[in-house]
Amino acid sequence: MISTMEARLTLKPGQKGTKKLLEQYGDRLICVRYKYDKEKKKRYKTIELIIDETDWEPPVNNAINDAIVGIKVSYDEKEIQEQLRNEGGLWDRQKKLWFIKHEKVIKMGLEQRIVA
C-alpha cells in the first residue's frame, strides 16, 4: 500500500486504544498498530487478526537430530554408500565410517547401523 509508512506504536488487546476493537473482534485480535506516512501526512490505525485456526505439530528440531553420527557400511554396499553421499554424508577413511546428521539416518532407515 504505502511504502513510506513507519509503525511507531503497537498495542496489545486490552490496552488503551484497543478496547472497542477488542469488543468487536474478541480473541481474534492480535494487536493494533499506529503507522505514520510522512509524505502524505497521514496516521493509519491497523489491526492484526486471526482468520483461521488449524492443529499443527511443531517440527522436532533438537540437538539429537542435528548431531553428526557415524554409520557402519560394508565395502560392497555401494547403493547405501551412494545414498549417504547424496544426503551429504562424508566418508572417514581412518575410522572406516560414514558421518551424517542423525535426522538423515532416521529418514534413510539406517538407525541400526549407528556406531556409538
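Q: What makes the radius of gyration of the protein chain stand apart from that of a compact globule?
A: Happy to start there! The protein chain has a radius of gyration of 27 Å, but a compact globule of 116 residues would have one near 13 Å. The radius is taken over C-alpha atoms, and the globule rule is 2.2 Å times the number of residues to the power 0.38. The C-alpha atoms fill a box of roughly 70 × 35 × 20 Å along the principal axes. This is a predicted model, where local features need pLDDT of at least 70, side-chain atom pairs count only at pLDDT 80 or more, and totals for chains, interfaces and linings use all residues. Residues are numbered from 1 along each chain as its sequence is written, and side-chain values use heavy atoms, leaving out hydrogens and water.

Q: Why is Arg43 called exposed?
A: Its relative accessibility is 55%. Exposed means over 50% relative accessible area, buried under 20%, and partly exposed in between (1.4 Å probe, protein chains only). Arg43 therefore counts as exposed. By that scale, 22% of the 116 residues of the protein chain count as buried.

Q: Which element holds Arg43?
A: Arg43 lies in strand β3, residues 42-49. Strands (E, at least two residues) and helices (H or I, at least four) are DSSP runs, numbered from the N terminus. The protein chain has four helices and seven strands.

Q: Which residues is Arg43 in contact with, leaving aside neighbours within four places in sequence?
A: They are Tyr34, Lys35 and Tyr36. Contact means heavy atoms within 4.5 Å.
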